[in-house]
8 protein chains.
Amino acid sequence: MRKSLSVLIVMGSDSDFPMISPALKILKKFDIPFEVKVCSAHRTPEDATKLAKNARKSGVGVIIAAAGLAAHLPGVLAAHTTLPVIGVPISGGALNGVDALYAIVQMPKGIPVAAVAIDGAVNAALLAIQILSLNNRLLGTKMTDYKTEMAEEVRGKDRALQEKLKEI
Amino acid sequence: MRKSLSVLIVMGSDSDFPMISPALKILKKFDIPFEVKVCSAHRTPEDATKLAKNARKSGVGVIIAAAGLAAHLPGVLAAHTTLPVIGVPISGGALNGVDALYAIVQMPKGIPVAAVAIDGAVNAALLAIQILSLNNRLLGTKMTDYKTEMAEEVRGKDRALQEKLKEI
Amino acid sequence: MRKSLSVLIVMGSDSDFPMISPALKILKKFDIPFEVKVCSAHRTPEDATKLAKNARKSGVGVIIAAAGLAAHLPGVLAAHTTLPVIGVPISGGALNGVDALYAIVQMPKGIPVAAVAIDGAVNAALLAIQILSLNNRLLGTKMTDYKTEMAEEVRGKDRALQEKLKEI
Amino acid sequence: MRKSLSVLIVMGSDSDFPMISPALKILKKFDIPFEVKVCSAHRTPEDATKLAKNARKSGVGVIIAAAGLAAHLPGVLAAHTTLPVIGVPISGGALNGVDALYAIVQMPKGIPVAAVAIDGAVNAALLAIQILSLNNRLLGTKMTDYKTEMAEEVRGKDRALQEKLKEI
Amino acid sequence: MRKSLSVLIVMGSDSDFPMISPALKILKKFDIPFEVKVCSAHRTPEDATKLAKNARKSGVGVIIAAAGLAAHLPGVLAAHTTLPVIGVPISGGALNGVDALYAIVQMPKGIPVAAVAIDGAVNAALLAIQILSLNNRLLGTKMTDYKTEMAEEVRGKDRALQEKLKEI
Amino acid sequence: MRKSLSVLIVMGSDSDFPMISPALKILKKFDIPFEVKVCSAHRTPEDATKLAKNARKSGVGVIIAAAGLAAHLPGVLAAHTTLPVIGVPISGGALNGVDALYAIVQMPKGIPVAAVAIDGAVNAALLAIQILSLNNRLLGTKMTDYKTEMAEEVRGKDRALQEKLKEI
Amino acid sequence: MRKSLSVLIVMGSDSDFPMISPALKILKKFDIPFEVKVCSAHRTPEDATKLAKNARKSGVGVIIAAAGLAAHLPGVLAAHTTLPVIGVPISGGALNGVDALYAIVQMPKGIPVAAVAIDGAVNAALLAIQILSLNNRLLGTKMTDYKTEMAEEVRGKDRALQEKLKEI
Amino acid sequence: MRKSLSVLIVMGSDSDFPMISPALKILKKFDIPFEVKVCSAHRTPEDATKLAKNARKSGVGVIIAAAGLAAHLPGVLAAHTTLPVIGVPISGGALNGVDALYAIVQMPKGIPVAAVAIDGAVNAALLAIQILSLNNRLLGTKMTDYKTEMAEEVRGKDRALQEKLKEI
């Protein structure tokens, strides 16, 4: 079994960290190595280009890019790599993330970005793990366990609700 | 180098085939084995469940699911597999694909779907290839070549435009 | 007069309970037996399938399913039953329920879901009662009384306003 | 087994008939008695009121109301009956049915309307049949058969696709 | 000079009173007689019908109707009168008034409603006064004065800003 | 009985004439004098200002202004008159009239515009007539007749449909 | 090197000052002379016209106009000048600035307005400076320095994040 | 008087040429030198970077960038230059240009793009000329003449309409 590739997480602004933070917990839970960078498609375009260009040879398997407003960051990174890039639209601003969603998901033919839900950083991490699991049987098994846990959690909440309803 | 995993493409309706067809050409160009199925999350839910559950053990690496309107198919497949699922919202109907986009991209925490652009089947195929390239160095090289070809195509169009402008 | 069929209420998450709670009061007021379940289309898809498949033979007449974001739950339940399914889109998230509304109301031909307003759990309960009233004359009478009460309430508010306006 | 209640279909304009027509075929297939009326919430408000008020005693079990633009018809009928009212938003006009959808689905607390998809007349008919099936075991059985037919149709289309793909 | 006709203001719910209140001040400022009623298109449809039918003969010149969500009230009143009806969409609910705006402004051919901005009760009052001014020269003069006052207010704010900027 | 005031119709572009044309028929049917002008808020702003400023003293009672895209024309006219201004948003362009609707209906406090439906020129004419009817009892009577005609037309269509249904 | 032209900033309401304030800081940082005016397209239309007409001869190079709701101000100013006009849509109201954005950006052919992001006053100032820099080499150099500073700020935030991540 | 700076027009795809073409006519009419390039932010990102970086020193005064879908091109160019960049959102695709509009106009703080209307290439050219006119008095005069011509054209259309109306 080969060592897992790492995940590179790029945020357009450090103010996005609280939204990204639960995604890091997921990556840790699955023992996925990761790096987090603040880098702007517009304010530091050369740094963004370099990050994307060097990612594959640095052992990165998946790039996650989170950005708000006219969220060009995921597309700009995707333009400079052949790695899968997952885009996380961030809510905020007057359009509350619809702008970011469209700017991420509506990529033109040739340069795909994988969009997840607005503020869906946790799902971005899970998607990255599913991608890496193709390379790593253990990750597949762990993901199956994770889904079983989630199902048990839902069932636990149902049981708690049944108790609560009896009391009413 | 391991044999490439295959791509499973699921359409909610056979009327979506023309939109899917260029994606199949991309997969062929990259020598990716694939299977295409018509299967509905609502009309044949058990078949959808089986497809998703059996995918990984059948050698599938990535599932692409295309659906319109209240496009539940990608999410329903994702609920039954730990493979990455790419969702392609299909335009059509009075809301012209915004409904499908939201129903695909706004998946709740725990079960990710990777959304591409409305009618973006070609990008779904390219994303699948990028995912499979983590497992297959040759695919990475081919993808780099493909991007170079695309760039040359753009440059060729620019040269043609310059000629055209001279004539005006 | 036959015993009323029951109403099965399914929530995608227990956090939706406060929104559902006033609907339960309506069902109690009309003496409709009901059951409330937490069950996720994506995290516990098999449980959801079972709930829907067994509903009719368990004496359920109407299913109410409430979900937010890419709200697949009502459609997934509808795929597995021939009972009427009422979907309640839940607000929240960056799109504030438009995503849930579209994912519920835009069901493709063949598998209907009856959508009510975003966060419209009370109307879902009233609709369920109207449906059950076809089977149960007493419910029809009670519903007529309920509408008369509502009208009186509006008229009471108008009288209070007239008093208030005199004082100004 | 009791005789099935009938379905009353009300259109805001006779130009909506082609969209309604396939729904009538569904009702015929299930042997549901029905009546179709052209009646406007705004141009013939008294007629609309009468239709709704007399529906239950005329043996109607479900009202289906289709309207476009500021589609008040379903809500206006619902205000005058305790029968379940299904609203079908009709596309057309500059907003292409989003206006009709919102005007139908966003009913205030107290007076529910069951919205189906924009132009979803067939689903409105199927929903009406599901509602009437609570009262009529035969309808339940027929609906199960109908769903099996639909599933077979999807599977047939998949088989046809597999043949087509072999030829390519 | 004839006595001014009155304005009838109808609210779908008494909770809308704070939004309506500044409009009443405008009517008072212009010495326009008015009446305010709580009346629901759906919960008290007969009362709404009566209000509209009797308005002209009671000396009403303009009806202002304010409603939220699937805001049918202005259209329902307009169906029963030949007086001009001004509709005020009220914000609130998950769609924040876009639903009310569409349900008011998109009236089908034949029965007009004059829509003003979401929560634009003051403008509804001013529009009513402009309408009544056709009948009443004094009102026209007062409205001209009011516009001059508004202009002076803006100029006063500009002067205050200039002072403030000097201090910075 | 006083002579009816006239209606001034202003179009932002002569290409809007076909949409305006049925409104002129309505005005003729009711014997309302009218004038139609092509005038742009942006390309001929001084002309627009003059039209609005002179309207009242020229015997105009109501201004109807139709415009598309960033439809400023109705608001600009309203800024220069105390007459009621009815705005007709025109569809067309990539946003198909939503831009025009918002630019017309969302007028700030102080300067109202009465918005009708997108492309709703006929309703604008009817609204103008309703406004003028306050001043002119005959117009009120004619409007009542017109509404009766419309109702009869709907009933005629219903009878035709009943015949058609018998034949099927 | 010629003296820089000035920037004229016009706000529809003095309540917009806090949003405009950071833009003034930018102009000061670049030593650009500016004037700020409160002026309404609808309440003081003549003042708006005069401001625009006199701007060029008063040494103004760029006009920035900020407005919310049916934001006609930038377009009205643009109608009366040949200077570049930058429009800043302001959030607020039930539509939260989408109305203002459409009313500003969708200007018809012939009279352009340069729209920036909703509440994007700072970018309006930077755009004005970029425009003025064509006339003034020093401004170009300062703008390059400003972009370098912004890039360093992003890099500083990245370094701070790396430290923070080590501590976790 | 200095020689006018040139305009650089960049299109994401050569299929956008017909939409751009009328803008070139405007530039020619005003004797503005221009260059047109096909260049993609995603398929030829290095070429885009170079174009932007070299623009100022090549005598470019304004960049116009037209793109559809997730229209990153204007923002990507703006990241690499201190020249004013005008973005033209192009309609097309399922969202018909709303995606392009948001991706262009909602630029984050620090890197402005001047957005014009969807498909508003002519206005982009006029805005570029207005910008260049600050540097070139003759252009200002020509622009004033152009606006006079436009006004005359509107007045001519009004006269034609008056003739047409007489004939009806």
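Analyst: Asp14(F) has a relative accessible area of 29% and is therefore partly exposed, the class between buried (under 20% relative accessible area) and exposed (over 50%), with a 1.4 Å probe and protein chains only. This is a predicted model, in which local features need pLDDT of at least 70, side-chain atom pairs count only at pLDDT 80 or more, and totals for chains, interfaces and linings use all residues. Residues are numbered from 1 along each chain as its sequence is written, chains are lettered from A and ligands numbered from 1 in the order in which they are written, and side-chain values use heavy atoms, with hydrogens and water left out.

User: What makes the pair of Asp14(F) and Lys157(H) a salt bridge?

Analyst: A salt bridge requires a side-chain nitrogen of Lys or Arg within 4 Å of a carboxyl oxygen of Asp or Glu. The N to O distance between Asp14(F) and Lys157(H) is 3.9 Å, and the pair qualifies. The pair crosses between chains, from the loop between strand E1 (6-11) and helix H1 (17-29) of chain F to helix H6 (residues 137-167) of chain H. Helices (H or I, at least four residues) and strands (E, at least two) are DSSP runs, numbered from the N terminus. Lys157(H) is partly exposed, at 33%.

User: How do you know that Lys157(C) and Glu153(C) are separated by about one helical turn?

Analyst: They are four residues apart in helix H6 of chain C, and therefore about one helical turn separates them. Their closest N and O atoms are 3.8 Å apart, and Lys157(C) forms a salt bridge with Glu153(C). Lys157(C) is partly exposed, with a relative accessible area of 34%.

User: Which parts of chain G does the salt bridge of Glu149(G) and Lys29(G) tie together?

Analyst: The side chains of Glu149(G) and Lys29(G) meet at 3.3 Å, N to O. Glu149(G) lies in helix H6 and Lys29(G) in helix H1 (residues 17-29), so the pair ties together parts that are 120 residues apart in sequence. Glu149(G) is partly exposed at 44%, and Lys29(G) is partly exposed at 44%.

User: Why are H5(E) and H6(E) called oblique to each other?

Analyst: H5 (residues 121-133) and H6 (residues 137-167) of chain E pack at about 140°, with their axes 7 Å apart. Angles under 35 degrees count as roughly parallel, over 145 as roughly antiparallel, 65 to 115 as roughly perpendicular and the rest as oblique. H5(E) and H6(E) are therefore oblique.

User: What area is buried between chain B and chain A?

Analyst: About 3,300 Å² is buried between chain B and chain A, of which carbon and sulfur atoms give 59%. Buried area is the accessible area (1.4 Å probe) that two parts lose on being put together, summed over both. The contact takes 44 residues from chain B and 44 residues from chain A. Thr82(B), Pro112(B) and Leu134(B) supply 20% of the area that chain B buries against chain A, more than any other three residues.

Definitions and conventions: Axes fitted to C-alpha atoms, helices over the stretch in contact; angles between N-to-C directions. Contact = heavy atoms within 4.5 Å.
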